[in-house]
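The following exercises concern one protein chain. Each task is followed by a solution in steps.

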Amino acid sequence: MPPDNVAEFRFYAELNDFLSPEQRQQTMRYRFSGHPAIKDPIEAFGVPHTEVELIIVNGQAVKFNYRLQAGDRVAVYPVFKRLNIGPLLRLREKISPEPRFVLDVNLGKLARFMRLLGFDSLYRNDYQDAAIVKIAVSEQRIVLTRDRRLLHAKQIQHGYWVRAIDAGSQIDEVIHRFDLCRLIHPFARCLVCNGVLASVDKTSILDQLEPKTKRYYQAFRQCVNCQRIYWEGSHLENMRRRFAGLLTRERTDPSEIDMTQASNE
Ligand SMILES: [Zn+2]
């Protein structure tokens, strides 16, 4: 029996990124039979549930389990940072005040940038999709991916389809999307393994330093996980240059930016 019910769907703002060109900014008719949960047609249009922040049906906010009815007019909205929606309308738990991430295999460079800025970011170049979903659920991590299909996995609470190809633009995108500016904490994570960096006494690592490093640098940090050593000159200057804009906005707490000060705490 052919589907006999019709509902109207419209997607707003960057949710249009997921639609085919002829569908963008259009009100679309959706044919269906029975009463599917509204999450199904939304994903049938190609929009991952993790990108949706608010669903309005006939003027009322609904949740993902709302059963679609014939004649429904559906408006689907992405995350609007300046729109603080009430708890009753919220489709999912709020993001933790200290968000943690897991990145797909395409995002190795972004993972390094994320760690550079202090964000707990798991990444391996051999992660399978199933492993990413499992980690996201068990460790309550936000999934960052270039593969939008991955975000259709039901179990994922928080995720984001990274649009940009270039890692520099990707980090800007992620910081903006999850409002991370105020959480930037440079030199807190190992770029290689995501371990936490702890201040280390120069005398205790002298034998591991190159002569020039020994001569010119005083403040050091060491990864508690893989024991790699970091110092102000090698990474911090590059990072300062790259993220000058972001860091300027965050000048309210200079102790988080000044590596020397941080290591003397
Ligand atoms: Zn490490």
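Two strands are taken to pair if DSSP finds at least two bridges between them. Helices (H or I, at least four residues) and strands (E, at least two) are DSSP runs, numbered from the N terminus. Residue numbers start from 1 along each chain as its sequence is written. The model is predicted: local features need pLDDT of at least 70, side-chain atom pairs count only at pLDDT 80 or more, and totals for chains, interfaces and linings use all residues.

**Exercise 1. Determine the strand order of the five-stranded sheet and the bridge partners of Ala75.**

Step 1. The five strands form an open sheet with mixed pairing, ordered E2-E1-E5-E3-E4. At its edges are E2 (28-32) and E4 (60-62), each of which pairs on one side only. From one strand to the next the twist averages 35°, where axes are lines fitted to C-alpha atoms (for helices over the stretch in contact) and angles between N-to-C directions run from 0 to 180 degrees.

Step 2. Strand E1 (residues 5-11) runs parallel to E5 and is joined to E5 by four bridges; Arg10 has Ala75 of E5 as its bridge partner.

Step 3. Strand E3 (residues 54-57) runs antiparallel to E5 (residues 73-77), again through four bridges. Here Ile56 is paired with Ala75.

**Exercise 2. Identify the edge strands of the three-stranded sheet.**

Step 1. The order in this open sheet is E10-E11-E12, and the pairing is antiparallel. Because E10 (197-200) and E12 (229-231) each have a single partner strand, one side of each is left without a neighbour in the sheet.

Step 2. Four bridges connect E10 with the antiparallel E11 (residues 220-223), and Ser199 lies opposite Arg221 of E11.

**Exercise 3. Locate the buried face of helix H4 and state what covers it.**

Step 1. A residue is buried if 20 or more other C-beta atoms lie within 10 Å of its own, exposed if 12 or fewer, and partly exposed in between, with C-beta atoms placed from the backbone. In H4 (residues 167-177), the buried residues are Gln170, Ile171 and Val174.

Step 2. Viewed down the axis of H4, these residues fall within an arc of 100°, so they line one face of the helix; the arc is that of the directions from the helix axis to the C-beta atoms.

Step 3. The cover over the buried residues of H4 includes H2 (108-116), E8 (142-145) and E9 (159-161). Contact requires C-beta atoms, placed from the backbone, within 7 Å.

**Exercise 4. Describe the largest nonpolar core.**

Step 1. A nonpolar core is a set of buried Ala, Val, Leu, Ile, Met, Phe, Trp, Tyr and Cys residues joined through C-beta atoms within 7 Å. The largest has 28 residues, and Phe101, Leu110 and Leu144 are among those with the most contacts inside it.

Step 2. Two or more residues each come from E6 (101-103), H2, H3 (129-138), E8 and H4. H2 gives the largest share, five residues.

Step 3. Beyond four places in sequence, the contacts of Leu144 include Phe101, Leu110, Tyr160 and Val174.

How values were computed: Contact = placed C-beta atoms within 7 Å.
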